[in-house]
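Hi,

Here is the structure I promised to send over. Have a look at it first, and my notes on the core and the salt bridges follow below.

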Amino acid sequence: KQAAKTDSAKALKVGTDPTFAPFEFVDDKNNTTGFDIDLMKAIADDMGYTVQYENSAFDGLVTSLQAGNYDAVIAAMTITPDRQASVDFSEKYLMAEQFIAVKKGSPIKTAADLKGKKVGVQSGTTGQTVAEAMGITPMKYDAIPDAMNDLLNGGVDAVVADSPVVLYFIKQNPNFNIQYVNGDFSKEYYGIAVKKGNNELKDKINASLKKLQDSGKYNDIYKKWFNV
Ligand code: GLN
């Protein structure tokens, strides 16, 4: 295992979009960090690999993985039938749902109240999918921080995004006067994506993920980012 780690051929190329705190983001020391980053490192360590990140906007990750630009993608990516047509996923590693971020005092109290409002989403995400399924044409942003900025500026009335991301944003920015509405949308499960048919890598990732879950290491990472 030690020998493997010094072998540069054993670097796993992983695509991500580091604008999605607390899953993958760039901290004030310019390090890419987050729950997914810690999880991917633990998985790669167990497999005897190092990780080399390649950044992309979220909506380009699946295509780039298909094109062979990466070995895997970790990006708080929900396992959906649409994506499963293009790439394969590991076992699920986290559950989330769509929450609606609004300004305190907003008349938006339920998902139904989004109709006729200006709604921001991150392009290519399940947030976009749920908004469009309601007949809304959302404003699409490359990254959630841009959408949140527009919410603060009044450019949009609401932002639909993954629950842990909305909760983290509110917690990190208590003076922004943002609150969330639980949209009661369906539960989603994140997976690590690999190129379609790359069963060898998928099986290795799954085996390591299971080890981390059994050993309590997964739980330590979870607690670090979601302090429960
Ligand atoms: N979980 C959502 C999706 O898969 C959002 C992911 C993200 O923006 N990084 O579409």
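By a nonpolar core I mean a set of buried Ala, Val, Leu, Ile, Met, Phe, Trp, Tyr and Cys residues joined through side-chain atoms within 4.5 Å. Buried means under 20% relative accessible area, exposed means over 50%, and partly exposed is in between (1.4 Å probe, protein chains only).

Before the details, some housekeeping. This is a predicted model, where local features need pLDDT of at least 70 and side-chain atom pairs count only at pLDDT 80 or more, while totals for chains, interfaces and linings use all residues. Residues are numbered from 1 along each chain as its sequence is written, and side-chain values use heavy atoms, with hydrogens and water left out.

Now the core. The largest one holds 46 residues, and Phe 23, Phe 35, Ile 43, Tyr 93 and Val 159 have the most contacts inside it. Helix α2 (residues 35-47) gives this core its largest share, 7 residues; helices (H or I, at least four residues) and strands (E, at least two) are DSSP runs, numbered from the N terminus. At least three of the core's residues come from each of domain 1 (2-94 + 189-226) and domain 2 (98-182), with domain bounds taken from an automatic or database domain assignment. There is also a second, separate core of 15 residues, which includes Val 119, Met 134, Val 160 and Val 181.

Leaving aside neighbours within four places in sequence, Phe 35 is in contact (heavy atoms within 4.5 Å) with Pro 22, Phe 23, Tyr 93, Leu 94, Tyr 218, Ile 221, Tyr 222, Trp 225 and Phe 226.

On to charges. I count a salt bridge when a side-chain nitrogen of Lys or Arg is within 4 Å of a carboxyl oxygen of Asp or Glu, and that gives 7 of them.

- Asp 45 and Lys 41 pair up at 2.9 Å, N to O. They sit 4 residues apart in helix α2, so about one helical turn separates them. Asp 45 is partly exposed at 26%, and Lys 41 is partly exposed at 48%.
- Asp 88 and Lys 196 meet at 2.7 Å, N to O. This pair links distant parts of the chain, 108 residues apart: Asp 88 is in strand β7 (residues 87-89), and Lys 196 is in the loop between β15 (193-195) and α8 (199-215). Asp 88 is buried at 13%, whereas Lys 196 is partly exposed at 44%.
- Asp 214 and Lys 210 form a salt bridge at 2.7 Å, N to O. Both lie in helix α8, 4 residues apart, about one turn. Asp 214 is exposed at 58%, while Lys 210 is partly exposed at 48%.

Cheers
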